[in-house]
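Thanks for coming. Please have the view open as we go.

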Amino acid sequence: MALALLAGATVQSLVGLGLGLVSAPVITLVEPRLMPELMLWLAFALPFVTLASEREDIDWHGLGWSLPSRIVGTAVGVLAVTVLEPRLLGVAVGAMVLVAVLLTWRTVVVPLTRTSLVVAGAVSGVTGTATSIGGPPLALLYQHQPARTIRTTLAVYFMVGAALSLAGLGLAGQLDVHSLLLALLLAPVLAVGAALGRVLRPRLPEARVRGVVLVVCASSALVLLVRSLV
């Protein structure tokens with residue numbers, strides 16, 4: 001799990017998301033009962049490391065519209081976790097993200113507006129709480145923005161969003177203290193991964209960041225689909 005977290009934190013430090021893509025499948029294989037709580041605790045912790053070194057280009061306007069709708073999505077996600085079959089949730093979310101990636105790769109450009117931010121925030125709240133993969137909806141919306149704006153804005157969003165999801169799961173009685181203790185034990189690994197990401201950033205040209213973001217989103221969807229169907 002530590003190696004998976006190291007790789008995931010490195011990818012997220014590069015392009016703004018990726019921790020869940022690399023880590024969630026490994027954690028699920030090692031100990032399914034730790035999901036999604038452990039992943040949410042770690043998703044809450046990593047942004048603090050990112051924002052410690054860069055926070056000048058945060059899109060506060062966009063966050064002001066996407067975060068409130070995340071609260072509504074979180075409530076729906078908590079309900080989905082307690083009512084629906086986990087595999088069905090995984091298939092639905094994976095298929096939705098994959099279709100969105102395919103549409104926005106070449107043909108569809110989703111404008112960064114109040115409406116799109118509200119919708120992305122709500123969808124992310126549902127998927128993040130129910131499957132621990134909440135980054136792609138907002139990342140797809142920000143894919144045409146500068147790399148630093150993507151990283152810092154998503155960092156704030158993940159931090160607040162994970163906190164909301166954890167609070168929702170806690171109110172529903174779905175949290176386990178062992179997940180928190182394990183997250184604290186693994187937290188130093190996140191710091192090392194974030195440092196590696198900063199070292200590797202100069203090797204990733206700005207023009208290629210969008211492509212990497214889309215690949216990470218598509219990979220997240222495929223991993224979730226496979227995990228849900230197998």
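Let me begin with a term. A cavity here is a set of grid points where a 1.4 Å probe fits but cannot get out, and a residue lines the cavity if one of its atoms is within 4 Å of a point. Also, keep in mind that this is a predicted model.

How many cavities of 30 Å³ or more does a search of the whole structure find? The search finds 2. I will take the second largest cavity, which holds about 60 Å³ of space. Its lining consists of Gln12, Ser13, Gly16, Leu46, Pro47, Thr50, Arg151, Ala155, Phe158 and Arg201. Helix 1 (2-15), helix 3 (37-53) and helix 8 (147-171) each give two or more residues to that lining. By class, the lining has 4 nonpolar, 4 polar and 2 charged residues.

Two of those helices also pack on each other. The axes of helix 3 and helix 8 are 8 Å apart, and the packing angle is about 145 degrees. Their crossing is left-handed. On the helix 3 side, the contact is made by Glu37, Leu40, Trp41, Ala43, Phe44, Pro47, Phe48, Thr50 and Leu51. On the helix 8 side, the contact residues include Arg151, Thr152, Ala155, Val156, Phe158 and Met159. The contact of helix 3 with helix 8 divides into 15 nonpolar, 3 polar and 2 charged residues.

Now to the pockets. The largest pocket contains about 510 Å³ of space. Its lining has 20 residues, and those nearest the centre are Thr28, Met35, Pro86, Ala130 and Arg227. Which helices supply at least two residues each to the lining of the largest pocket? They are helix 5 (86-106), helix 6 (114-131) and helix 10 (209-229). Helix 5 gives the largest share, 4 residues. Sorted by class, the lining of the largest pocket has 11 nonpolar, 5 polar and 4 charged residues.

The second largest pocket has a volume of about 340 Å³. There are 18 residues in its lining, with Ala100, Val110, Ala120, Pro137 and Leu140 nearest the centre. Helix 5, helix 6 and helix 7 (135-141) each supply at least two of the lining residues. Helix 5 again has the largest share, here 5 residues. What classes do the residues of this lining fall into? There are 14 nonpolar, 4 polar and no charged residues.

That leaves helix 10, with two partners to go through. One partner is helix 5. The axes of helix 5 and helix 10 come within 8 Å and cross at roughly 155 degrees. Angles over 145 degrees count as roughly antiparallel, so helix 5 and helix 10 are roughly antiparallel to each other. The crossing of helix 5 and helix 10 is left-handed. Among the residues making the contact are Gly90, Val91, Gly94, Val97 and Leu98 of helix 5, and Gly211, Leu214, Ala218, Ala221 and Leu225 of helix 10. The contact of helix 5 with helix 10 divides into 16 nonpolar, 5 polar and 2 charged residues.

The other partner is helix 2 (residues 19-30). The axes of helix 2 and helix 10 come within 9 Å and cross at roughly 15 degrees. Angles under 35 degrees count as roughly parallel, so helix 2 and helix 10 are roughly parallel to each other. Their crossing is left-handed. The contact is made by Leu21, Ala24, Pro25 and Thr28 of helix 2 and by Val216, Ser219, Ser220, Val223 and Arg227 of helix 10. By class, the contact of helix 2 with helix 10 has 5 nonpolar, 3 polar and 1 charged residues. Thr28 and Arg227 take part in this contact, and both are named among the residues nearest the centre of the largest pocket.

Methods: Residues are numbered from 1 along each chain as its sequence is written. This is a predicted model: local features need pLDDT of at least 70, side-chain atom pairs count only at pLDDT 80 or more; totals for chains, interfaces and linings use all residues. Side-chain values use heavy atoms; hydrogens and water are left out. On a 1 Å grid over the protein atoms alone, a cavity is a set of points where a 1.4 Å probe fits but cannot get out, and a pocket is an open set with protein on both sides within 12 Å along at least five of seven lines; lining residues have an atom within 4 Å of a point. Grid points are joined across faces, edges and corners, and a volume is the space filled by probe spheres set on the points. Ala, Val, Leu, Ile, Met, Phe, Trp, Tyr, Cys and Pro count as nonpolar, Asp, Glu, Lys and Arg as charged, and the others, Gly among them, as polar. Axes are lines fitted to C-alpha atoms, for helices over the stretch in contact, and angles run from 0 to 180 degrees between N-to-C directions. Angles under 35 degrees count as roughly parallel, over 145 as roughly antiparallel, 65 to 115 as roughly perpendicular and the rest as oblique. A crossing is left-handed if the near helix is turned anticlockwise from the far one by less than a right angle, and right-handed if clockwise. Contact means heavy atoms within 4.5 Å.
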